[in-house]
Amino acid sequence: MATMEIRSASKNYGTIRVLDDINLDIGDGEFIVLVGPSGCGKSTLLRMIAGLEEITGGEIRIDDKVMNALPPKARDIAMVFQSYALYPHMSVADNMSYSLRLRKTDKPTIAEKVGAASAKLGLDALLERKPKALSGGQRQRVAMGRAIVRQPKAFLFDEPLSNLDARLREHMRAEIRKLHRELGATSIYVTHDQVEAMTLADRIVAMHGGHIQQVGTPLELYDRPANLFVAGFIGSPGMNFLKGDIADRSLHLRDGRTVALPAEMPATMGEATLGIRPEHVVLSPAGEAGLETTVDLVEPTGHGIILHLTLAGTVFKVLTHDRRWLEPGSSVGVSFPAEALHLFNAEGVRV
Amino acid sequence: MTATRLFGTLAHRAAILCFIAFALFPLYWLLKVSVTPNDLLYSEGVRMWPSRTTLDHFRFVLANSEFPRFFANSLIVSGTTALISTALAALMGYALSRFQFRGKLWLAGLLLVTQMFPLVMLVAPIFKILSPLGLTNSLTGLVIVYTAFNVPFASFLMQGFFDGIPSDLEQAAMIDGADRFTAFRHIILPLALPGVAATLGFVFTAAWSEMIFALMLISGSEKATFPVGLLTFVSKFSVDYGQMMAAGVLALIPACLFFLLIQRYLVQGMTAGAVKG
Amino acid sequence: MTATPIPTTYRRPLRQRLAVTLEPWLYCAPVLILITSVMLVPLILGVSYAFRDIQLLNPFSGGFVGLEHFKALGQDDAFLRALRNTLWWTGASVFFQLAFGLILALLLNVPFTGRGLAQALVFLPWAVPTFLAGLNWAWLFNPVIGPIPHWLAALGLMDEPSNILADPSIAMWGPILAATWWGIPFFAITLLAALQSIPKDLYEAASIDGASPIQRFFSITLPYLAPVIAITVLLRTVWVANFADLIIVMTNGGPADRTQTVASYIFTQAFKRLDFGYASAVALVLLALLLAYSMVILVFRQKLSNRDK
Ligand SMILES: Nc1ncnc2c1ncn2[C@@H]1O[C@H](COP(=O)(O)OP(=O)(O)OP(=O)(O)O)[C@@H](O)[C@H]1O
Ligand SMILES: [Mg+2]
């Protein structure tokens, strides 16, 4: 159990700055998810917390103690790697007890702790096997088991599920959620996967280009994205963006048409971007309401249909359950409920 | 079509057989002469196998000559050299594989250069340095010299093997509470065991073969290694061919054993070590 | 939690920073110390010997003689002959090792039953100690106990069975043959490793495009192997030029110095005459020549690869 503070942390590789001015407070027992596109520095941040990478600037504290100069073993943190990093020459039981053996824990205690962890993860039958003889999902469990046996202050996960197939991933996601509820340990979890981020996180940290873009609960990020990057990154399919100029309480699109804005938005502000999620767009038969356009492409996903439209020269996606517009080429009208609109200024910041 | 393919296959097998014959014939001949009784040696000169065989030459060499001592000396020198070189090379190779540090390129370059310059150049100066230290005519002196000569290549070999082990593993160990050296001992070394075996074999074979420095640094038969002993024997009793070749067969044994041990790793080790280094 | 001042650049305590910087050097230190004391210091010492009069048996030697040794070298016919012999010995040995090594590697790159065993057998000479390889071949050439002279005589290439190694005009072929026998595995292993790293789908793509095996060899295999061959030949040439064991064992430079190479000449000077000064001067010349050779090859390669761009 621990709190963590990251203060203006930065990281350079040579002269290249890959993380810049990272600030983050993590509460005791919180489940934090780091999301962001590939190469944005998620793993680097995680590894800095773990002590595997040197911290170029700023500081990282765990339980109010500065960690910068401490080696990993002094930080009492567990980490689950994307590759699992199970020791190939040790049995499952030895993998799980390695950290305890390093700490010279006595044999009965080790047996008890390994027993408890393996029972929790359903690994009892596999304890004598070598990692080579395990399936992907089982390896993943062993990696989790190795992390939980020693009851560390905090857990770090670096894309732990990305090597599993979709079904298993869903299952393990629920397991992790359950484990966290039981253990209540502070956790930081890196993922590419939207759904993982939304379902697991107490708070999500969205990162891009070495900077934190927004920190908040999953719904905060979904409902009130702080900028264009977060707006586009959270949600699937991604938010639609309409570029134009705002004047007379409406957005003037590049093709000359206009979208009326609700009263609480500024009446004039020049260049701006209006965002709306595909699932919030309202469709109506052509000519009845909204902007008229044609269906280019239809993607049925089973639990819904994604329509690709063209609006003001850009692709515009709509998620619907209505099966009336399945025919490519048919005309539809799209309209936007006022409460579902997001407005961003020319710099991409939410207004 | 099938006729040409059949012909191709036959030609291929025939070519392989030619290479095998060429590779093995000299060793076969060595063995043959070593079991030929003296009285048949000249009368049956080029026969492929003598009409009578004997182990007398081996008996003589093992019982009445100094070869057992030469053999033991060589075994001690090569074994110790292999152990020390591999241990040092493991550390060095680990540093080259896992650390980014200033001067690393320079260091690798230095190792490479030591593989390029003529070792004969060092014969005189090394003799001059070791002589006042009492390390000439001593097995310890030979071990030191051989270790230095073999450790650069061994380091590149070990580096290649370490590069093949994901660094996630030792990082996981470090997070589990090991410091770097403990992680190296517990996790990396056991996984690099095949590499360690291959390196041991390479160094042992090289040390077993070394002759120039052994001739220069060792005088007298007390500390002579196998090559020194054999060459002295050859120049002294140059007509006892059967005995010489029996001794030659003995010299072949440990080298071949080690070779069989490592030959599995040869191709992979060369990819890892030599091409990279 | 709120009022902690934000440090902009965190500096580790000096001791820890030192530990971090030193850590890799700790792992390198044993090797570094060993190499420095057993190879680099003697190398420098050896260079200085070249300008001094160092004779092991002469207690009054040791003084500086400047370029005396090098002047003597210019007049030393034995040395000049050794230079020519080195060229011949190195060129022929490396050429045959490469040619047969390449053929062997190509043969072994084809899967067949018993490949593992065949590989172990053909690579065996590499494990044979060089002194033994030398003696072994010397015995094979010996008409008393070796078959080769008799075979040559039977083929009509020789009037009567006699020792090649004793005939000044052809003696050099003895060590060259032994070196080839001993060196083929090295080339074969290196080239086989390179062959096995060529992606298989390249060949599949080429055969789908209708390339014949020979076309595939010239359009894929050879370009892939070329850099490996170049670097291996470079390293091996230097190595063979320095390699004196076989010659010392088989002919000791004879007959009439016909097989004396620079490397064996250095050894003879140091070992037999104990004239370390002169031996070091010869070694220095050899080193200079080999450096020059490496430079020329590297520059040449640079030129070639620049032209490709
Ligand atoms: N050892 C290194 N040397 C130089 N640059 C590095 C190094 N490791 C990472 N980087 C760079 O740092 C940046 C951040 O890398 P990081 O691995 O943290 O990304 P990530 O967000 O985890 O990406 P992914 O989702 O693909 O895992 C990348 O641009 C990467 O190229
Ligand atoms: Mg990552």
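This is a predicted model: local features need pLDDT of at least 70, side-chain atom pairs count only at pLDDT 80 or more; totals for chains, interfaces and linings use all residues.

Biologist: What is the order of the strands in the open sheet of chain A?

Modeller: The order is 6-7-8-3-9-10, six strands with mixed pairing. Strand 6 (77–80) and strand 10 (211–216) of chain A are at the edges: each has a single partner strand, so one side of each lacks a neighbour in the sheet. From one strand to the next, the twist averages 20°.

Biologist: How do you know that strand 9 and strand 10 of chain A pair?

Modeller: Pairing calls for at least two bridges. Strand 9 (residues 203–208) and strand 10 of chain A have five bridges, in the antiparallel sense, so they count as a pair. As an example, Ala206(A) has Gln214(A) as its bridge partner in strand 10 of chain A.

Biologist: Which strand of chain A does strand 16 (residues 291–300) join by four bridges?

Modeller: That is strand 19 (residues 331–335) of chain A, and the two run antiparallel. Glu292(A) stands opposite Gly333(A) there. Strand 16 of chain A is also joined to strand 17 (residues 305–311) of chain A, antiparallel, by five bridges, and Val298(A) has Leu307(A) as bridge partner. In the hairpin of strands 16 and 17 of chain A, four residues lie between the strands, and Gly302(A) has a positive phi near 105°.

Biologist: Now to the other chains. What makes Arg180(B) and Glu23(C) a salt bridge?

Modeller: The cut-off is 4 Å from a side-chain nitrogen of Lys or Arg to a carboxyl oxygen of Asp or Glu. Arg180(B) and Glu23(C) meet at 3.6 Å, N to O, so the pair qualifies. The count between chain C and chain B is one salt bridge, and six residue pairs are in polar contact across that interface.

Biologist: Which element gives the largest share of the side of chain C that touches chain B?

Modeller: Helix 1 (residues 14–49) of chain C does, with 20 residues. By class, that side of chain C has 72 nonpolar, 13 polar and two charged residues.

Biologist: How many residues and what area go into the contact of chain C and chain B?

Modeller: Chain C gives 87 residues and chain B gives 85 residues. The area buried between them is about 7700 Å², with 86% from carbon and sulfur atoms. Tyr27(C), Met39(C) and Phe131(C) supply 10% of what chain C buries against chain B, more than any other three residues.

Methods. Residues are numbered from 1 along each chain as its sequence is written. Chains are lettered from A and ligands numbered from 1 in the order in which they are written. Side-chain values use heavy atoms; hydrogens and water are left out. Contact means heavy atoms within 4.5 Å. Buried area is the accessible area (1.4 Å probe) that two parts lose on being put together, summed over both. A polar contact is a pair of N or O atoms within 3.5 Å; within protein, one must be able to donate a hydrogen and the other to accept it, and residues adjacent in sequence count only if both atoms are side-chain atoms. Ala, Val, Leu, Ile, Met, Phe, Trp, Tyr, Cys and Pro count as nonpolar, Asp, Glu, Lys and Arg as charged, and the others, Gly among them, as polar. Axes are lines fitted to C-alpha atoms, for helices over the stretch in contact, and angles run from 0 to 180 degrees between N-to-C directions.
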